[in-house]
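The following paragraphs lead through the structure displayed below, from the arrangement of its domains to individual helices and side chains.

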Amino acid sequence: MTFQNGYRAPSRRSVMKGMGLAAATLAAPGVLRRAYAQEPIVLLTWETYHDPAWCKEWGEANGVEVKPVVIGSVDELFSQPFSGAVQPDVMYIETGSLPRFKEAGLIVPFDTSKVPNVANITPKLDWKKYTNVGGEIVAAPYNWGTQPLMYNADLIKSPDSWAALWDEKYRGKVNIFDDCTIVFPMIALYVGAKDPFNLTDADFEACEKALRELRPQIRTIARGFDDAVTIYAAGDAVIGYCQNIAVVTSLQDKGKNFNYSLPKEGTPTWIDCTGVSKKGDRDIVYKFINDNLSVKWQARFIESSTNNGVLNLAEAKEGGVSEKTLKRTNIPDSQAGDFWEKLVILQKPEDFERRLQIWNDFKAGTL
């Protein structure tokens, strides 16, 4: 998932343009670069996940070039390897999409024996449960985050239900973001589906009705973090489904009194995991992945981006993450005994194509 804290999250247009430039750079014979004996490690990653300077530093120390290519949505992450423009070694995939990537042959079984630093992943995160596809572990977590209900605290007092998004008094002032994979589970939770990832026909009908009723509430759909921050800062939205709490903290940095809550129906939560392609199934790639899960790398990642990473509170402090930064993450809250019970981890949906068609009809106004 995309994050921002000093970096500007890309729009879809800029992401596609950037990938085109990245692909051209990878292919251009006239580009001068340091010669390495090993094949480069190409990443399809998210904003703030892999600072180019960090990748260069690691690459020079290990004798291999690391090329991070930033993508802007799960759908783009899935389609990019098929375009031929970029052939990734490593992809950062949320848990609900792992079966889709495995079935498409985009990732291979993940060799945990080559990544001893998985021991640094907080024990509160039951990651093997969500990365096991067909009896095989296919990825390991790199970062996780909640998608709560965010609101302008000057105007709204601690809403505790997704129903607030449908409240008439916020007509034209609601915001959500453009990602079917992540928004649909919230809709399913709102309508009371027993299992938001295995909807019945009746559940689908209820979701369609809810989306039709939600459409007049929304003036515009955010195309990314930067777009969302702009919309809220301009006063064009006062409440919405938050792609990550980094949107809230960014608004707070701008002097805007925004906050977030975890609704009683449950809060969709993603775990972005490191998946390895057939091309990337080599020792140097696993070394990079292992070093990315070291306390040193993760603490720097958390401190610079205010992401949650995968460390527990004690490890984050040990690694040097400041108290100020920790307060901008879910890490302190996640130590509470009932915290994870309030979260709904993204999983494979029963029929992604059906969800996507409904979502596209919703955006087009033809639902």
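A salt bridge is a side-chain nitrogen of Lys or Arg within 4 Å of a carboxyl oxygen of Asp or Glu. The model is predicted, so that local features need pLDDT of at least 70 and side-chain atom pairs count only at pLDDT 80 or more, while totals for chains, interfaces and linings use all residues. Residues are numbered from 1 along each chain as its sequence is written, and side-chain values use heavy atoms, with hydrogens and water left out.

The protein chain is divided into domain 1 (39–145 + 270–335) and domain 2 (149–261 + 347–364); these bounds come from an automatic or database domain assignment. Taken over C-alpha atoms, the centres of domain 1 and domain 2 are separated by 26 Å. Contact between the two, defined by heavy atoms within 4.5 Å, involves 17 residues of domain 1 and 14 residues of domain 2.

The size of an interface is often given as the accessible area lost when the parts come together. Here buried area is the accessible area (1.4 Å probe) that two parts lose on being put together, summed over both. Between domain 1 and domain 2 it is about 1,200 Å², with carbon and sulfur atoms giving 47%. Gly96, Trp270 and Arg328 supply 35% of the area that domain 1 buries against domain 2, more than any other three residues.

Side chains of opposite charge can pair when their charged atoms come close. Across the interface of domain 1 and domain 2, two salt bridges are found.

Helices (H or I, at least four residues) and strands (E, at least two) are DSSP runs, numbered from the N terminus. On the side of domain 1 that touches domain 2, helix H3 (74–83) and helix H4 (98–103) each supply at least two residues. The largest share of that side, three residues, comes from H4.

A search of the whole structure finds 19 salt bridges. One of them joins the side chains of aspartate 253 and arginine 328 at 2.9 Å, N to O. This pair links distant parts of the chain, 75 residues apart: aspartate 253 lies in helix H9 (residues 245–253), and arginine 328 in the loop between helix H13 (323–326) and strand E12 (343–345). Arginine 328 is buried, at a relative accessible area of 15%; buried means under 20% relative accessible area, exposed over 50%, and partly exposed in between (1.4 Å probe, protein chains only).

Helix H9 itself is largely enclosed by the rest of the structure, because seven of its nine residues are buried. The buried residues of H9 pack against strand E6 (140–146), strand E7 (149–152), H8 and strand E10 (258–261). Asparagine 244 caps the N-terminal end of H9, with a side-chain oxygen 2.9 Å from the backbone nitrogen of alanine 246. Just after H9, glycine 255 takes a positive phi of about 85°.

Helix H6 (residues 180–190) is also mostly covered, with 10 of its 11 residues buried. Aspartate 179 caps the N-terminal end of H6, placing a side-chain oxygen 3.2 Å from the backbone nitrogen of threonine 181. Glycine 192, which follows H6, has a positive phi near 85°.

Other charged side chains complete the tour. Lysine 287 forms a salt bridge with aspartate 291, the closest N and O atoms being 3.0 Å apart. Both lie in helix H10 (residues 283–292), four residues apart, about one turn of the helix. Arginine 355 forms a salt bridge with glutamate 350 at 2.8 Å between the closest N and O atoms; arginine 355 is buried, with a relative accessible area of 3%, whereas glutamate 350 is partly exposed at 29%. Arginine 215 is located in the loop between helix H7 (201–214) and helix H8 (225–233), and its side chain reaches the backbone oxygen of lysine 363 at 2.9 Å.

Definitions and conventions:
A polar contact is a pair of N or O atoms within 3.5 Å; within protein, one must be able to donate a hydrogen and the other to accept it, and residues adjacent in sequence count only if both atoms are side-chain atoms.
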